[in-house]
Amino acid sequence: MKPHPSKFISATLLLLALLAVSLSASEERPNVVLYLSDDLGYADLAFMGHPYAITPNLDELAEQGTVFLQHYVTGVTCAPSRAGLMTGVHPARYPYYPGHYGTGDQPTITSILDGNGYATGHFGKWHMGPDESVGTYGYEVVFTESNNKNAFNTPARDDPATDRAIEFIEQMAEEGRPFYVSLWGHSTHYPVTSYPELIEDFGEVPFDRNDFSKTIQERFDRSASWKPDLKDSMTQYVADVYGIDKNVGRIMETLERLDIEDNTIFVFSSDHGPQNENRERDYAEHMLGYAGDLRGYKGTQFEGGVRVPFIVRWPSKVEAGRVDSESITSFIDWLPTISSITGNNDIPDQLDGEDISDIWIEGPRERSTDLYWRVSGTNAGISMRAGDWKFHESRNGPLLYDLSNDRGEEINLAPQNPELVSRFQGKADEWRNSLPESYNKDKRFGKRRTDDIHSVVIPSPLF
């Protein structure tokens with residue numbers, strides 16, 4: 001006896017339903033969590049080579065994802081770096097200081113995702129303009145303390161922001177909505193004076209300055225001129241780093257508990273290099289962030305100021321336990337990369353970054369665009385990264401370094417390579433010509449609430 005045709009139809013419908021479910025699961029849009037530390041040095045984590053740091057959660061995150069050893073920021077101080085990250089447009093293109101005036105109508109990664117069904121939340125440091133209200137840059141939820149010096153008196157400075165980020169993640173997981181979380185900590189921004197409970201948990205360090213590279217030795221001397229007890233200063237600093245690690249662990253535990261870690265891109269990094277301790281006395285103590293063998297620190301365009309630790313964990317896509325020492329990546333690539341991964345194609349035509357999602361997922365390749373840095377001043381020097389070469393304009397003449405052999409930027413090869421210098425200078429001049437002819441000079445925080453802040457119009461297009 002032949003089976004009734006309806007049985008074939010039922011089986012076919014069941015197969016189609018299963019296929020639809022399979023396709024739906026495979027096309028599920030990933031969540032994104034960006035944990036951005038503040039002023040954390042390239043070598044401030046245990047797995048990056050710090051002799052005293054205790055960072056078990058970040059070490060585990062690195063083992064579960066890919067570590068990129070040549071990742072760069074967009075600006076050498078806090079607000080410009082964030083502006084470039086959020087928009088994919090170099091901060092030097094903005095004629096007004098973005099920390100006070102924001103980025104105008106330029107699309108941000110969060111405004112793009114918010115318009116495409118993502119829940120968007122910001123937790124922690126802001127420094128992206130005067131408006132910190134819900135809706136700014138497409139954020140549905142905003143929790144921020146503009147100038148947090150551990151105002152909540154918690155063991156780790158970023159505990160309150162992490163608490164609220166976890167609440168947001170839990171709510172979105174319950175609702176089944178894809179989410180994007182900016183968790184931007186205050187640690188290790190000055191002033192660093194770690195909570196006693198955190199230091200007790202961390203323990204004192206067996207400080208020996210010979211355990212560190214020569215690049216930080218001069219900074220040790222300057223720090224000691226303010227506070228001779230370098231051992232205590234180092235203990236205070238690495239305990240603050242330990243606080244970051246504890247909060248990273250809390251996010252990891254939350255994603256695992258909610259069973260969403262496989263479909264969540266978890267990225268950890270820093271906004272630029274470590275703070276130079278050579279400032280007013282109140283801010284000088286304990287500022288011993290470490291860039292390893294890299295020259296420079298926050299505020300400089302040398303490697304120590306612009307190269308930062310960068311981990312990408314995405315269990316379903318990004319290889320675990322991989323270290324990419326070849327690819328040159330940057331936060332200027334963040335907007336086009338996350339937009340590509342989340343299926344959002346409606347992004348600005350002109351960006352300074354490029355989509356590097358293939359580097360994350362498939363492996364190393366050469367980038368197709370050079371990287372540039374310049375502070376917002378018409379007379380400021382330009383630095384650029386092109387392949388293995390790093391070029392700097394300098395008052396004393398051009399500087400040229402081969403980073404494949406000299407990532408500490410010690411040996412200036414400009415005199416031996418006039419043709420290369422000429423080529424890079426030409427590129428720098430061409431890029432300069434695309435930037436504003438003048439910049440607003442109001443950069444003092446005391447002036448940020450002037451009446452004309454909200455009337456400022458950022459020119460569009462910026463290119």
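Which residues does His 392 touch, not counting residues up to four places away in sequence? They are Gln 301, Phe 302, Ile 382, Ser 383, Pro 398, Leu 399, Tyr 401 and Glu 409, where contact means heavy atoms within 4.5 Å. Before we go on, a word on the model: it is predicted, so local features need pLDDT of at least 70 and side-chain atom pairs count only at pLDDT 80 or more, while totals for chains, interfaces and linings use all residues. Residues are numbered from 1 along each chain as its sequence is written, and side-chain values use heavy atoms, with hydrogens and water left out.

Let us stay with His 392 for a moment. This histidine has its place in strand β14; helices (H or I, at least four residues) and strands (E, at least two) are DSSP runs, numbered from the N terminus. His 392 counts as buried because its relative accessibility is 3%; buried means under 20% relative accessible area, exposed over 50%, and partly exposed in between, with a 1.4 Å probe and protein chains only. The side chains of His 392 and Ser 383 make a polar contact at 2.7 Å. Such a contact is a pair of N or O atoms within 3.5 Å; within protein, one must be able to donate a hydrogen and the other to accept it, and residues adjacent in sequence count only if both atoms are side-chain atoms.

Strand β14 also leads us to helix α14. The buried residues of this helix pack against β14 (389-392), and also against β12 (371-373), β13 (383-386) and β15 (399-402). Helix α14 covers residues 418-432, 15 residues in all, and spans 20 Å from its first C-alpha to its last, close to the 21 Å expected at 1.5 Å a residue; the expected span is 1.5 Å times one less than the number of residues. Its buried residues are Leu 420, Val 421, Phe 424, Ala 428 and Trp 431. Viewed down the axis of α14, these buried residues fall within an arc of 95°, so they line one face of the helix; the arc is that of the directions from the helix axis to the C-beta atoms. On the face turned away from the buried side, α14 carries the exposed residues Pro 418, Glu 419, Ser 422 and Glu 430.

Now to the aromatic rings. Searching the whole structure gives 20 aromatic pairs. Rings of Phe, Tyr and Trp (its six-membered ring) pair if their centres lie within 6.5 Å; planes under 30 degrees apart count as stacked, over 60 as edge-to-face and the rest as tilted. One of the pairs joins Phe 310 and Phe 331 edge-to-face, with 5.5 Å centre to centre and 80° between the planes. Phe 310 lies in strand β9 (residues 310-313) and Phe 331 in the loop between β11 (329-330) and α12 (334-341), so the pair ties together parts that are 21 residues apart in sequence. Phe 310 pairs with Trp 360 too: the centres are 6.3 Å apart and the planes at 50°, so this pair is tilted. Trp 360 belongs to helix α13 (residues 357-362), and the pair links distant parts of the chain, 50 residues apart. Both Phe 310 and Trp 360 are buried.

Elsewhere, ring pairs link Tyr 52, Phe 207, Phe 212, Phe 220 and Tyr 290 into a cluster. Phe 220 is also among the residues that Leu 288 touches, not counting residues up to four places away in sequence. Leu 288 is found in the loop between α10 (281-284) and α11 (303-306), and is buried with a relative accessible area of 0%. Leu 288 and Leu 40 are 248 residues apart in sequence, yet 9.9 Å apart in space, C-alpha to C-alpha.

Finally, a look at the backbone. Most residues other than glycine have a negative phi, and most peptide bonds are trans. A cis peptide bond joins Ser 187 and Thr 188, with omega about 10°, and the bond from Tyr 190 to Pro 191 is cis as well, with omega near -5°. Thr 188 lies in the loop between β6 (179-184) and α7 (196-202), and Pro 191 has its place in the loop between β6 and α7. His 127 has a positive phi, near 55°, and is buried, with a relative accessible area of 15%. Asp 259 also has a positive phi, near 60°, but is exposed, with a relative accessible area of 69%.
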